Amino acid sequence: MKLNKQVLLAIVGCCLCISACSEQKKTSQEEVEVRTMDSTSRSIKESADKLDEQTKKVEASLEQLDNEFKNP
Amino acid sequence: MKQKITSYSSLFLLAVACVLSASTLQEKGNKNGKGPKGNNGKVQPKNDHSDYGNSPRNEQNGKGIDQEKNKKGQSKPGKNDKADRKDKPEKEFRMKGNHDADKYTLLGYNWNRDNFKERKNFRKQDKLTICHKFSKGSEAPVSIRVSANAAEAHMKHGDVRGECPPVNDSRYSDRYWRNRNDYYNNVQYNQEQVLYSNSILDYALQRLAGSRSQLAIMQSNNMPLADIQRKQAVVNNLEQNVSLLEQLIGVAANLVVNKLM
């Protein structure tokens, strides 16, 4: 009887342990995805900002060109 | 007898425990497969090549910056350039990254010397919130802010105005969904920037071709050397900036290719 109870407790303990571990795995998986999204998002935004900056330079050059070459 | 019963019951309980843990792990495994482009937690772009990096000038005229560069030192511009542009007054931009190979006309981004001065008014467009739906049914829709030009194209392909309904998905936390929204908003912002920059690039190339021809004519007409040198410096400066812009457009376009599909 005692042995039976011990076995039962051990099995229940194992079940709890396994479900806790899988819950932790889920959280860490989401964490990885969030971090990846964040870093990709930052790269995309930086790229767009650089593009915006360079576009403005081209626009400024075009305005200079307009001043120099007034007749089309 | 009692020992047998004990051993059988413990074996039975052990089997139940194994089944429970296996089903839990399988459930988590299925969750990993779903979610925005979930590949072991990596948000990976597809390897498809889109026309994003190719400006419409390449498709319309069959000419690109290489030909423009080759025109250095030539006295006359390509006559075909002007003829092509007369036939096609509106620029068409192919956005494979957004929807399947559909062309749509980006009104307001067709630059000439007059409207180029007013370009800031063209760009000052109010942003609208739309609910963008992915072509993959398993991918949850996302609320993104888009300019009026872009909104029209989105609506044509099934997107709707307004915020998306909240996602009833307990597999991911609120933080995840917020980050996802931000991510796709940045993708949209990048795409719009690429489109606009492409239009400026196209216009700049037109102007470069014209300016080179004008310079050649001035040289042949024996204009003052100082004037010609000054104008040449401006043209060279524009060429350098245009070259860098083209590279940056390619990089930016590749970052977001197919991400909103």
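In chain B, 69% of the contacts (heavy atoms within 4.5 Å) with a separation of 6 or more are between residues 24 or more positions apart. This is a predicted model, where local features need pLDDT of at least 70 and side-chain atom pairs pLDDT 80 or more, while totals for chains, interfaces and linings use all residues. Residues are numbered from 1 along each chain as its sequence is written, chains are lettered from A and ligands numbered from 1 in written order, and side-chain values use heavy atoms, leaving out hydrogens and water.

Of the 261 residues in chain B, 44% are buried, meaning under 20% relative accessible area with a 1.4 Å probe, protein chains only.

## Aromatic pairs

Over all chains there are 8 aromatic pairs, counted when ring centres of Phe, Tyr or Trp (its six-membered ring) lie within 6.5 Å. B:Trp111 and B:Tyr196 have ring centres 6.0 Å apart and planes at 90°, so they pair edge-to-face (planes over 60 degrees apart). B:Trp111 sits in the loop between strand S4 (103–105) and helix H5 (113–117) and B:Tyr196 in helix H8 (residues 174–220), so this pair ties together parts 85 residues apart in sequence. Helices are DSSP runs (H or I) of at least four residues, strands (E) of at least two, numbered from the N terminus.

The charged end of B:Arg119 sits over the ring of B:Phe116, 4.2 Å from its centre; the criterion is NZ of Lys or CZ of Arg within 6 Å of the ring centre and within 35 degrees of the ring normal.

Note on methods:
Buried < 20%, exposed > 50% of the residue type's maximum accessible area, 1.4 Å probe, protein only. Phe/Tyr/Trp six-rings, centres within 6.5 Å; stacked < 30°, edge-to-face > 60°.
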